[in-house]
Each structure stands twice: as C-alpha cells, then as structure tokens.
Amino acid sequence: MAILTARKLTKRFGGLVALSDLDLDVAERSIHSVIGPNGAGKTTFFNCVTGFYQSEQGRITFLDLPLNGLRPDQVTQLGIARTYQNIRLFTNMTALENILVGMHTHLRSGWVGAILRTPHVVREEQGAVRQAMELLAFVGLLGRGDYLAKNLAYGDQRRLEIARALATKPKLLLLDEPTAGMNPRETMEMMAFIRKLRDELGITILLIEHQMRVVMGISETVTVLDYGTKISEGSPSEVQNDPRVIEAYLGTRRAVAH
Amino acid sequence: MVFLGLVGMVEVFARKAIIVGVISLGHTLLLLTGLAAGLQAAARAGRRPIPALGAALLAGAMSGVVVCAFIVVGTSANLRGMFVNASPALFGLLSFGRGTAGIPLVVLAWTVVSLLGGTFAILPPAIRRPLSAGGAAVLLLGLFQELLQLLLQEGTIRPLVRAFFFDNDGLVVRGAVTGLAAAVVWSAVRQRWRPSIRTRFLHMTPRNRRASLYLVLLLTVVVLFYLPIFLGEFVSQVLVFVGLFTLMGLGLNLEVGFAGLLDLGFVAFFAIGAYTVALLTTPEKYALVHLPFWAAVPVAVLVSLIAGIFFGLPILGIRGDYLAIATLGFGEIIRLLVLSDFLKPWLGGARGIVNLPKPVLFGFEFKQFGQLFWITLAASALIAFVAARLRDSRLGRSWMAIREDEDVAEAVGINTINAKLLAYGLGGAFAGMGGAIFAVMIGSVFPQSFSLLVSINTLALIIVGGVGSLPGVIVGSLFLVGLPELLREFSEFRFLVYGAVLILMMQVRPEGLWPAVSVAREFRPDEGPSPAREEALATGGEGGG
C-alpha cells in the first residue's frame with residue numbers, strides 16, 4: 001500500500017519547469033530512492049512534499065490525507081520528517097537541544113505553563129529529556145548531548161540531523177543525500193543505519209542519493225527523474241539497465257559526439 | 001594621544017585632581033596612555049623579558065618623539081584656528097611647563113613610563129593582578145570622588161570616612177594610599193581563597209548548596225532593600241533608570257536574543273505601557289477611568305502584549321535587515337500618533353498627560369526615587385524570573401530554533417507564526433511594564449520621551465551585555481545607562497568616552513560582558529562542552545531560576 005502518492009505534480013519557478021506531471025508512489029515500509037542528474041527536480045519534490053513549496057498543479061496525499069496547502073509544521077505533525085542536502089542543524093544549540101526541538105510537536109506546554117512551571121510541565125520536560133537521551137543513544141551520539149551541534153564531527157552532524165527528524169516520530173522520513181561527503185566506511189555505516197531505521201522503527205524511507213553504490217545497495221524501488229519528469233522506475237537492477245536512464249546520465253550518442 | 005590633546009580632554013582633565021596636589025586626571029590620562037603603549041608592545045612581543053622590554057622601550061621613545069613633534073609644532077605655529085583646544089596650556093602640560101626646552105625630559109618620561117608598562121606585562125599574574133586592582137581602585141576613588149563624597153555626607157561615621165579620604169578638592173594622599181593597600185590586599189586574598197570556596201561549593205550536598213544559594217539570595221535582597229536609603233536620591237534615580245532599561249532590555253532580549261527578531265521600534269511598547277497607565281490613573285480630563293497604579297499596571301502590560309501581537313502580524317514574513325527597517329517604522333508611527341493633532345483630544349499631543357498620582361500601597365506613598373527603586377527592582381526581578389523560565393521551556397527552545405534557522409524550525413513542526421507573535425507579545429509586555437513605572441516615576445508622559453534613541457540604547461545595552469543573556473541585560477544597562485549618568489565628571493566628553501568604550505568593548509569582548517552560555521562557547525570554542533550540564537539535564541531538567 002502506498003504511504004505517499006503524488007499525482008500530476010507540477011512546480012514552476014518563473015519559466016523553469018522544475019517538476020512536470022510527476023506521478024510517484026512510495027510503498028509503506030519500503031526504502032525508495034529518487035535519483036537523477038543535477039537539477040532533475042529531486043529536492044524540489046521533497047520541498048513540495050514537506051510544504052515548503054506549494055505546487056501549481058497536482059495532488060500529494062499522505063496516508064490518504066491531502067498535503068496541498070499545508071504549512072511545513074502541519075505536514076510534520078502528520079508524520080513526515082526530513083533532512084537536508086547541506087546539513088541544517090541549529091548550530092548554536094547543543095545536540096540534546098536540537099533533538100528536544102524536534103520533539104516540539106509531541107509536547108504540549110505553553111507559555112503560561114512555562115512561566116508557572118507546573119508539575120505537569122516539569123514531568124513533561126523530564127520525559128522529553130529522557131526520550132532525547134534515548135534517541136542520542138540510538139544514533140550513537142550518547143555522551144555528546146552537550147556538544148554544540150556545530151562542534152560535532154561531520155558524520156555525527158548527519159546522524160544528529162536524522163535524530164532530530166526521528167524526534168518528530170515520523171512515519172515517512174525523507175533523506176536528502178544522507179551520505180554526501182562521507183568516506184566509504186562512513187557510507188557503509190550510514191547504509192546499515194538507514195536499514196535499521198526501517199527494520200526496527202518501521203519508518204518508510206524516501207531518499208535522494210547520488211552514490212550509486214548506496215542506491216543499488218539499499219533501495220527496493222528506484223525512481224529516476226530528469227528535467228522534472230519520471231523517466232524510469234523499478235527495482236535497482238531494472239533501472240540500471242534502462243536505456244533511458246543511461247541516456248539521461250551519459251547523454252545520447254549524438255550529444256556525446258557534440 | 002595627539003588626538004586626545006586636540007579634542008581638549010587632557011586640558012580639561014588637568015583641572016581635575018585624582019589625588020590632590022600629586023597628580024591630575026590629565027596627567028593620569030597621559031600616564032595611562034604611556035603605560036598602555038608599553039603594555040601593548042610588550043604583549044605583542046610575547047611576554048618574554050628581553051624582547052618585551054625592548055618593544056616597550058621603543059614604543060615609549062616613539063610616543064615621546066611624536067608628542068615632542070606635536071609640542072614643537074604647537075608652540076611655533078598657532079593651531080588654534082583649526083583646533084580650538086590646541087592652547088598654550090595644553091603644550092605647557094605636555095612639556096611639563098618647560099616648552100621646547102623640556103623635549104629631552106618628555107622623551108625620557110614617555111620611555112620610562114612605557115618601560116614600566118612593559119615590565120608590568122611580563123610580571124607573573126600573582127603580582128600583576130593585585131597591582132592592577134590597586135591602581136584601578138585609586139583611579140576609581142579619584143574619578144568618582146564627587147559622587148562618593150555626596151554619598152558620605154550624612155550619618156555619623158560616614159563624614160569621618162569622608163574626611164579621611166577626601167578634602168573639598170578631591171582624593172587626598174592618605175586616602176589614595178589606603179585605597180591602594182585595601183585593593184591590593186583584597187585582590188591577594190581573593191586569589192588565595194576564591195578557588196577553595198568554589199571547590200567547597202561544588203562539593204556540597206545538593207541540599208546545602210541550595211541552602212547557601214538561598215542565603216546569598218536573601219543577603220542580596222536585604223542589601224538591595226537598604227541600597228536606596230544608603231545611596232540617596234541622585235543615585236537612586238540613576239538606579240531606577242537602570243531598572244527601567246533592564247525591563248526594556250529583558251523584553252527586547254526576548255525578541256532579539258532568544259528569537260533573533262531584530263526590532264528597532266521597541267520604544268513603541270514602552271510608550272504604550274506609559275500612556276495606558278497615564279490614561280487610567282490621571283486626574284485630568286484625559287482620564288478614561290481613575291484606577292490606582294496597581295490596577296493600571298496589569299492593564300498596561302496586557303495592552304502592550306496585545307499591541308505586540310498586532311505589531312507582529314504584518315511583519316511575520318519579513319526577515320533580517322528588512323525586519324529592522326519595518327520595525328523602525330513602527331516605533332516612529334506610535335510616537336507620531338501620540339504627538340499628532342488628530343489624537344490630541346485623547347492623548348494630549350505634545351503637551352502630554354501630566355499630574356499622574358504616585359503609587360500608594362496600604363497608605364504608603366512611593367514618591368521618592370529611593371522608594372520607586374523598590375518597585376522597579378521588584379518588577380525587574382519578576383520579569384527576569386519569567387524570562388528565565390521562558391528561555392528554559394519548550395517555547396524558549398522554539399524561539400532559539402527560529403533564531404538559528406527559521407525554515408528548519410518550521411520543518412520540525414514549530415508553528416513559527418505563533419512562536420513569533422508570542423515573542424513580540426511577551427517582549428512588548430515586559431517593555432509595557434517598564435513604561436508603566438516610567439510614567440509614574442516622571443509623573444507625566446510626553447511624546448518626546450519615546451524617541452528612537454530609547455530603542456537604540458536598549459539594543460546597545462543588550463549587545464554590550466551579551467545577546468541572549470539575562471544577567472547580561474542587567475550588566476549592560478548598568479554599564480550603558482548607569483555609568484554615563486555617574487560619569488558626569490567627564491563633562492562634555494562623556495559621550496566621547498562612552499563611544500570609545502563601546503568600540504573597545506566590541507573589539508575586546510564581542511560576545512558581551514556577561515554572555516549567554518552557548519554564545520560564550522561560540523566565541524571561545526576551545527573551552528569545550530561542560531559535562532555538568534548534561535548531567536543536570538539528564539537527572540532533573542531543571543535549569544532556570
């Protein structure tokens with residue numbers, strides 16, 4: 001069953017068509033990759049799903065609920081979380097605070113409660129800190145909760161960003177190039193970690209990835225975008241042998257000659 | 001140095017004695033410049049004795065030569081056409097009264113002084129610290145002699161203390177020596193005992209630790225309660241102003257420091273608070289109702305809060321520099337509205353609303369500054385407490401997330417619209433309370449009191465104190481509001497000194513006088529994380545207070 005569906009999705013920036021008539025289904029509990037050359041519209045698609053962009057045409061539904069017109073925070077409340085291509089942590093906050101911010105939607109206390117610090121608020125905060133510590137442990141950052149996010153090592157920053165996304169308790173996690181800038185060993189660890197997210201937490205993973213080794217290694221379905229349209233979709237091996245994909249990545253014979 | 005002489009500071013200060021009959025402020029200034037030159041040169045040379053002293057020697061000789069050149073030019077040609085203050089008296093002062101004949105002496109003096117500065121730089125800290133404490137003490141005693149004498153006028157023991165330290169002209173030698181000795185001893189004692197007190201505090205059981213904290217708190221309250229009685233009206237008035245700016249600063253800090261929303265129209269909320277109280281308490285024709293002060297304050301706070309939310313609505317989507325300009329407009333709109341003829345029948349126009357009654361509590365009228373200080377102090381304490389609680393809450397975290405990256409904050413589920421409006425509303429409410437107290441302190445409200453300069457001063461005090469830091473707000477307002485009032489000694493150079501201090505501050509301590517914890521680490525990353533805090537969070541999650 002599809003957890004996320006996009007139908008005839010179109011997004012334009014002025015005259016540039018970033019996405020045109022895109023249809024895409026993400027199956028529940030799957031690991032689904034979106035690949036394509038630079039400027040193919042992958043990140044634009046993420047931004048449309050998360051409410052950061054509003055599409056001109058088309059429909060996106062998540063668990064049969066329409067996402068069109070929702071603000072990013074409302075989309076997140078429904079259970080979609082994301083990470084960014086260039087890591088975007090709250091750099092001057094500690095790792096723990098980053099995760100606590102991620103838990104925002106699952107906490108209730110308002111400003112009056114904050115000032116009076118009622119027993120309820122105190123309990124809620126303690127519970128939140130406990131859960132945040134558990135998340136830190138889950139992503140392997142235990143003991144680094146008090147580091148400022150920007151002082152963490154690059155790989156740790158990636159994992160903290162995922163931990164922050166997990167803190168929103170998502171059903172669908174969008175990862176934008178999670179292995180960008182990683183060495184082979186870190187990449188292997190990240191792949192194992194992504195699999196663990198799906199297997200242990202049951203989270204559906206939609207990821208943008210450039211490293212073919214990662215795409216082919218962990219995805220069950222691969223969608224290939226080029227110029228905002230879907231040019232191929234299927235299992236990694238199907239996609240790999242699709243002539244249109246090869247053409248998009250390497251160009252046609254004529255283009256090469258040119 | 002030449003610059004200082006030309007603007008006339010040296011000459012004016014020459015008339016002010018630091019220690020009567022020994023050294024004048026003008027000479028002190030020269031001396032300090034020389035010392036600083038040596039210190040700087042030595043520090044750059046790396047604090048190893050030989051190169052450091054060499055550098056200091058060179059720096060001193062060079063400054064001496066420059067000053068001599070200045071003397072030669074000044075005595076042979078008349079510079080007064082361009083520089084009003086390049087008077088014969090100045091050159092007399094610079095050349096120790098000997099004119100061009102004193103040149104070798106001048107170079108020698110500068111070299112010696114600079115060498116002293118250099119020596120000072122290479123001294124071990126254990127000696128350097130008490131010495132600089134002593135020097136600073138004498139300087140402060142001399143600088144603030146007028147103020148101190150004022151404070152020591154009444155009572156039985158105080159005049160005796162005054163007679164010991166000062167005469168009519170200023171600090172006397174025995175006073176200076178006593179001050180120096182006291183500061184040296186105090187600094188040495190502090191160095192010896194402070195670490196042990198600290199470790200003892202850290203090794204206390206949590207219960208004892210809490211008890212001793214409460215004890216310190218209680219002592220502070222008692223001291224602050226008696227402070228206005230001891231200090232007299234003038235200083236109390238200054239302190240009330242400091243308190244009001246603290247209130248404003250705490251409010252603006254909530255917007256700028258916590259949520260990262262730059263606001264240059266903050267005075268609007270101050271005005272709204274003040275005018276609300278005025279309209280609710282004045283016996284004049286503008287009165288809406290006649291409420292006592294205590295009932296009017298909550299209304300003023302509420303009105304400011306609502307005003308803050310309405311103020312925030314149109315500027316929700318504006319970020320960064322544009323936000324600063326938009327808010328700048330708001331502040332001016334409010335001021336021009338109350339000034340306008342259009343609203344004159346209700347707000348009194350340029351003549352304002354006068355004759356506000358002073359607050360009365362159980363038959364006790366708060367009419368003197370010393371008494372109003374208590375109200376300001378109580379309000380500041382309350383607001384600081386509220387601000388600390390907010391900072392350490394879910395809302396505080398979402399503000400900081402918005403400050404760090406608004407898009408991502410929204411993407412992790414924060415309703416940025418609500419969070420930003422709350423920042424404007426609560427920040428406005430804090431300033432509204434300040435405005436309310438300001439209205440009854442002055443006893444009247446005029447549009448002129450709510451100029452752009454108030455917004456800018458508030459912003460400056462936050463930056464000087466440390467953006468996002470609550471103690472920083474208090475330190476900043478003491479420094480930027482209190483100090484200029486007390487520095488009346490510097491006469492027309494007050495603002496020059498003020499400006500110079502600001503520039504120096506931003507150079508030396510860009511993070512502020514008392515920075516927030518995370519900002520301190522940002523500017524000094526080598527200090528690393530503190531495991532203690534993580535532990536505290538893990539065990540209790542209790543941070544504020």
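To what extent is A:R88 accessible: buried, partly exposed or exposed? In this predicted model, A:R88 counts as partly exposed, at 24% relative accessibility. Here buried means under 20% relative accessible area, exposed means over 50%, and partly exposed lies in between (1.4 Å probe, protein chains only).

Residues are numbered from 1 along each chain as its sequence is written, and chains are lettered from A and ligands numbered from 1 in the order in which they are written. Because the model is predicted, local features need pLDDT of at least 70 and side-chain atom pairs count only at pLDDT 80 or more, while totals for chains, interfaces and linings use all residues; side-chain values use heavy atoms, with hydrogens and water left out.

Chain B comprises 24 helices and 4 strands, where helices (H or I, at least four residues) and strands (E, at least two) are DSSP runs numbered from the N terminus. Of the 545 residues in chain B, 46% are buried. Among contacts in chain B with a separation of 6 or more, 71% are accounted for by residues 24 or more positions apart; a contact means heavy atoms within 4.5 Å. Accessible areas were computed by the Shrake-Rupley method with a 1.4 Å probe, and for residues only the protein chains shown count as cover.

Together with B:L218, B:V222, B:F225 and B:Y226, B:I229 makes a nonpolar surface patch of about 510 Å². Patches are made of residues with over 30% relative accessible area and no salt bridge, like charges being joined within 9 Å and nonpolar side chains (Val, Leu, Ile, Met, Phe, Trp, Tyr) within 5 Å. B:T246 also lies in helix α11 of chain B, but is buried, with a relative accessible area of 4%. Leaving aside residues up to four places away in sequence, B:T246 touches B:S380, B:V473, B:I474 and B:S477.

In chain A, 7 of the 8 residues of helix α1 (residues 42–49) are buried, so this helix is largely enclosed by the rest of the structure. The buried residues include A:F45, A:F46 and A:C48. After α1(A) comes A:G51, whose phi is positive, near 85°.

The contact between the chains takes 41 residues from chain A and 41 residues from chain B. The area buried between chain A and chain B is about 3,900 Å², of which carbon and sulfur atoms give 57%; buried area is the accessible area (1.4 Å probe) that two parts lose on being put together, summed over both. On the chain A side, A:H104, A:R117 and A:D146 lose the most area to chain B, together 18% of what that side buries. Across the interface, 12 residue pairs are in polar contact (both at pLDDT 80 or more). A polar contact is a pair of N or O atoms within 3.5 Å; within protein, one must be able to donate a hydrogen and the other to accept it, and residues adjacent in sequence count only if both atoms are side-chain atoms. In chain A, α2 (72–78), α3 (95–102), α4 (111–116) and α5 (119–138) each supply at least two residues of the side that touches chain B. The most is given by α3(A), with 5 residues.

Between chain A and chain B the count is 3. A:E125 forms a salt bridge with B:R397, with the closest N and O atoms 3.1 Å apart. A:R88 forms another with B:D407, at 3.3 Å between the closest N and O atoms. A:R88 lies in the loop between β6 (80–82) and α3 of chain A and B:D407 in helix α18 (residues 406–411) of chain B, so the pair joins two chains. B:D407 counts as buried, at 15% relative accessibility.

Within chain B, B:R319 forms a salt bridge with B:E406, the closest N and O atoms being 3.3 Å apart. B:R319 lies in the loop between α13 (293–312) and α14 (320–339) and B:E406 in helix α18, so the pair ties together parts that are 87 residues apart in sequence. A network of salt bridges links A:R88, B:R319, B:D405, B:E406, B:D407 and B:K420.

How values were computed. A salt bridge is a side-chain nitrogen of Lys or Arg within 4 Å of a carboxyl oxygen of Asp or Glu.
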